[in-house]
Amino acid sequence: EEIVGRSGFVISSNFQRARWYDGKVYTWIGRSVRGGRGEGNSGLKFDILADKEPDS
């Protein structure tokens with residue numbers, strides 16, 4: 001069990017391929033883990049009290 005930070009993780013997988021010295025081809029799935037970009041700010045505003053403009 002691991003603790004995931006607020007930034008999260010990005011896991012990507014790619015096919016890896018190599019040719020051995022005797023000519024055989026080996027293929028496997030390689031995975032890489034990077035740190036995430038963190039929490040995003042969508043710009044949405046909630047629960048804001050604003051003065052109403054007076055009616056003219």
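How many helices and strands does the chain have? The chain has 0 helices and 2 strands; both kinds of element are DSSP runs, numbered from the N terminus, with helices (H or I) of at least four residues and strands (E) of at least two. Before going on, note that this is a predicted model, in which local features need pLDDT of at least 70, side-chain atom pairs count only at pLDDT 80 or more, and totals for chains, interfaces and linings use all residues. Residues are numbered from 1 along each chain as its sequence is written, and side-chain values use heavy atoms, leaving out hydrogens and water.

Now look at how the strands meet. Strand β1 (residues 9–19) runs antiparallel to β2, and 11 bridges join them; strands pair if DSSP finds at least two bridges between them.

Next, find the aromatic rings. A search of the whole structure finds 2 aromatic pairs. W20 and Y21 make a tilted pair, 5.4 Å centre to centre with 45° between the planes. W20 and Y26 make an edge-to-face pair, 6.5 Å centre to centre with 85° between the planes. Rings of Phe, Tyr and Trp (its six-membered ring) pair if their centres lie within 6.5 Å; planes under 30 degrees apart count as stacked, over 60 as edge-to-face and the rest as tilted. W20, Y21 and Y26 form one aromatic cluster.

How much of the chain is buried? Of its 56 residues, 4% count as buried, where buried means under 20% relative accessible area, exposed over 50%, and partly exposed in between (1.4 Å probe, protein chains only). Y21 is exposed, at 75%, while Y26 counts as partly exposed, at 41%.

Finally, turn to I11, which is found in strand β1, and V33, which is found in strand β2 (residues 25–35). I11 touches S32 and V33, not counting residues up to four places away in sequence; contact means heavy atoms within 4.5 Å. I11 is exposed, with a relative accessible area of 61%, and V33 is exposed too, at 56%. Together with V4 and F9, I11 and V33 make a nonpolar surface patch of about 420 Å². Patches are made of residues with over 30% relative accessible area and no salt bridge, joining like charges within 9 Å and nonpolar side chains (Val, Leu, Ile, Met, Phe, Trp, Tyr) within 5 Å. A salt bridge is a side-chain nitrogen of Lys or Arg within 4 Å of a carboxyl oxygen of Asp or Glu. Accessible areas come from the Shrake-Rupley method with a 1.4 Å probe, and for residues only the protein chains shown count as cover.
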